[in-house]
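Q: Hi! Could you walk me through this structure with me asking questions as we go?

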Amino acid sequence: MDLSGIISAVQKTLGVEVDGTAGPETWNAIYNRICRKKAGPPRKTSAAEPAAVRVGARNRVDDRSEKAIITLLPQVQAYARALVNKAVQHGITIKILAGTRTYEEQDDLFAQGRTKPGRIVTNARGGYSNHNFGIAFDIGVFDGANYLGESPKYKAVGALGMDLGLDWGGNWKTFLDEPHFQLRPKWAGDMRESVMLAELRARKDSGKGAYA
Ligand SMILES: [Zn+2]
């Protein structure tokens with residue numbers, strides 16, 4: 001069943017008007033239906049790229065998102081654009097706010113809330129974040145021009161991203177991170193994140209690509 005089918009089915013279950021467009025209540029139910037079901041053990045391999053992702057490779061999105069998207073590996077760029085466009089199709093405006101960070105930039109971010117002012121936003125030092133390898137990005141949900149730091153729509157976008165084949169930070173148990181998405185390399189299978197990151201560091205050091 002595609003997502004509009006799911007929306008209609010969930011609306012029927014909820015007893016609300018079935019129009020195939022979801023409000024917060026419907027999105028939460030959809031989230032429960034899609035994510036809870038799929039959230040189990042991570043997929044061993046992702047299927048071939050969905051058509052939406054192949055299209056995403058060609059379709060530029062807004063300039064702010066593009067600035068973050070060009071820092072990602074080409075494979076991931078297509079997914080990021082596809083997610084922005086898929087969200088629009090479901091009435092949700094998102095932008096890609098962050099992409100790849102160097103180890104130095106990651107260390108700077110790690111210092112925030114510890115040895116530098118600000119609040120703690122990451123538990124990862126340089127080399128210990130998926131953002132250091134071109135495979136991860138963060139989104140923001142917008143209402144017109146207004147950035148929404150919190151919204152039930154993050155869960156909805158999480159469901160859309162998982163539907164495309166992305167890993168979603170909203171499923172993480174240790175550091176729940178709803179704006180975060182990443183494209184898991186096939187070789188990573190159901191490896192723990194820490195093991196996958198060690199392999200990503202080794203690959204970076206030896207010049208081997210994350211998806212090679
Ligand atoms: Zn992130």
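Predicted model: local features only at pLDDT ≥ 70, side-chain atom pairs only at ≥ 80, totals over all residues.

Q: Great, metal first. Which residues coordinate the zinc ion?
A: The zinc ion is coordinated by His131 through NE2, Asp138 through OD and His180 through ND1, at 2.0 Å.

Q: How are those donor residues spaced in sequence?
A: The pattern is H-x6-D-x41-H. Asp138 lies in strand S2 (residues 136–143) and His180 in strand S5 (residues 180–182), so this pair ties together parts that are 42 residues apart in sequence.

Q: And are Asp138 and His180 buried or exposed?
A: Both Asp138 and His180 are buried.

Q: What does the side chain of His180 touch, as polar contacts go?
A: One partner is Gln182, whose side chain makes a polar contact of 2.8 Å with the side chain of His180.

Q: Ok, tell me about Gln182. Where does it lie?
A: Gln182 is in strand S5. Its relative accessibility is 0%, so Gln182 counts as buried.

Q: Which residues is Gln182 in contact with, leaving aside its neighbours within four places in sequence?
A: Gln182 is in contact with Asn130, Ile135, Ala136, Leu166, Asp167, Trp172, Glu193 and Met196.

Q: Asp167 is on that list. What is its place in the structure?
A: Asp167 belongs to strand S4 (residues 167–168). With a relative accessible area of 14%, Asp167 is buried, because the cut-off for buried is under 20%.

Q: Which side chain does Asp167 join in a polar contact?
A: The side chain of Arg184, at 3.4 Å. Also, Asp167 and Leu183 are 16 residues apart in sequence, while their C-alpha atoms are 6.1 Å apart in space.

Q: Changing topic: which residues are buried in helix H6?
A: In H6 (residues 103–111), Gln106, Phe110 and Ala111 are buried. They cover an arc of only 140° around the axis, which puts them on the same side of H6.

Q: Why would residues a few places apart point the same way?
A: An α-helix has 3.6 residues a turn, so residues three or four places apart point the same way.

Q: Now the rings. How many aromatic pairs are there in the whole structure?
A: A search finds three aromatic pairs. In one of them, the rings of Tyr103 and Phe133 have centres 6.2 Å apart and planes at 75°, so that pair is edge-to-face. Tyr103 lies in helix H6 and Phe133 in the loop between H6 and S2, so the pair ties together parts that are 30 residues apart in sequence.

Q: How accessible are Tyr103 and Phe133?
A: Tyr103 is partly exposed, with a relative accessible area of 24%. Phe133 has 8% relative accessibility and counts as buried.

Q: And what about Phe137 and Phe181?
A: Their ring centres are 5.8 Å apart and the planes are at 20°, so this pair is stacked. Phe137 sits in strand S2 and Phe181 in strand S5, so the pair links distant parts of the chain, 44 residues apart. Both Phe137 and Phe181 are buried.

Q: Last one: which charged end sits over the ring of Phe110?
A: That of Arg114, 3.9 Å from the ring centre. Elsewhere, Lys95 lies over the face of Phe142, at 4.9 Å from the ring centre.

Definitions and conventions. Residues numbered from 1 in each chain as written. Heavy atoms only, no water. Donors = N, O, S within 2.8 Å, 3.2 Å for Na, K, Ca; no water. Helix = DSSP H or I, 4+ residues; strand = E, 2+ residues; numbered from the N terminus. Buried < 20%, exposed > 50% of the residue type's maximum accessible area, 1.4 Å probe, protein only. Polar contact = N/O pair within 3.5 Å; in protein donor to acceptor, adjacent residues only side chain to side chain. Contact = heavy atoms within 4.5 Å. Arc of directions from axis to C-beta. Phe/Tyr/Trp six-rings, centres within 6.5 Å; stacked < 30°, edge-to-face > 60°. Lys NZ or Arg CZ within 6 Å of the ring centre and 35° of its normal.
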